[in-house]
Amino acid sequence: AVGQGKLDPTPAAQTIKKKLIQRQSELAQNLIDGYARDWPDYRERTGVIRGIGEAIAICEDMEKKERQ
């Protein structure tokens, strides 16, 4: 929800988390399907997947703090 130019953190975190989970799943499926061209490309793709995992954890932490 938007109010006076600010996002309500809980719904925003939930929406962002949902999109991040979807993207992480897509990227993981690409790896499973063999889209990595070589070792450096594989390492970069797995790094992006790990980074998205960290972003998901941040969203979950925001949601947890808002419930307290």
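Me: Which residues make up the largest nonpolar core?
Reply: This is a predicted model, in which local features need pLDDT of at least 70, side-chain atom pairs count only at pLDDT 80 or more, and totals for chains, interfaces and linings use all residues. Residues are numbered from 1 along each chain as its sequence is written, and side-chain values use heavy atoms, with hydrogens and water left out. A nonpolar core is a set of buried Ala, Val, Leu, Ile, Met, Phe, Trp, Tyr and Cys residues joined through side-chain atoms within 4.5 Å. The largest such core has eight residues in all: Ala 13, Leu 20, Leu 27, Leu 31, Ile 49, Ile 52, Ile 56 and Cys 59.

Me: Which helices each supply at least two residues of this core?
Reply: Helices (H or I, at least four residues) and strands (E, at least two) are DSSP runs, numbered from the N terminus. The helices that each supply at least two residues of the core are H1 (9-32) and H2.

Me: What pattern does the chain follow along the sequence?
Reply: The secondary structure comes to two helices and two strands. Read along the sequence, these follow the pattern β-β-α-α.

Me: What percentage of the residues of the chain count as buried?
Reply: Buried means under 20% relative accessible area, exposed over 50%, and partly exposed in between, with a 1.4 Å probe and protein chains only. Of the 68 residues of the chain, the share that counts as buried is 21%.

Me: How many Å does helix H2 reach from its first C-alpha to its last?
Reply: Helix H2 covers residues 39-67, which gives 29 residues. The expected span of a helix is 1.5 Å times one less than its number of residues. The helix comes close to that expected value, and its reach is 42 Å.

Me: Which residue caps the N-terminal end of H2?
Reply: At this end of H2, a side-chain oxygen lies 2.9 Å from the backbone nitrogen of Asp 41. Asp 41 is itself among the buried residues of H2.

Me: How many aromatic pairs does the structure hold, and why is the pair of Trp 39 and Tyr 42 classed as it is?
Reply: The structure holds one aromatic pair. The rings of Trp 39 and Tyr 42 have their centres 5.4 Å apart and their planes at 20°. Rings of Phe, Tyr and Trp (its six-membered ring) pair if their centres lie within 6.5 Å; planes under 30 degrees apart count as stacked, over 60 as edge-to-face and the rest as tilted. The number of pairs is therefore one, and its class is stacked.

Me: Is Trp 39 buried or exposed?
Reply: Trp 39 and Tyr 42 are three residues apart in helix H2, about one helical turn. Tyr 42 is partly exposed, with a relative accessible area of 35%. Trp 39 has 59% relative accessibility and counts as exposed.

Me: Which residues does Glu 63 touch, not counting residues up to four places away in sequence?
Reply: Glu 63 has its place in helix H2. At 6% relative accessibility, Glu 63 counts as buried. Contact means heavy atoms within 4.5 Å. By this criterion, the residues touched by Glu 63 are Thr 10, Ala 13, Gln 14 and Lys 17.

Me: How many Å separate the C-alpha atoms of Gln 14 and Glu 60?
Reply: Gln 14 is found in helix H1 and, at 40% relative accessibility, counts as partly exposed. Gln 14 and Glu 60 are 46 residues apart along the chain, while the separation of their C-alpha atoms is 7.9 Å.

Me: Which residues is Asn 30 in contact with, leaving aside neighbours within four places in sequence?
Reply: Asn 30 belongs to helix H1 and is partly exposed at 22% relative accessibility. Its C-alpha lies 9.2 Å from that of Arg 45, which is 15 residues apart from Asn 30 in sequence. The contacts of Asn 30 are Tyr 35 and Arg 45.

Me: Where is Ala 36 found?
Reply: Ala 36 counts as partly exposed at 25% relative accessibility. Ala 36 touches Leu 31, Asp 41, Tyr 42 and Arg 45, not counting residues up to four places away in sequence. Its location is the loop between H1 and H2.

Key. Polar contact = N/O pair within 3.5 Å; in protein donor to acceptor, adjacent residues only side chain to side chain.
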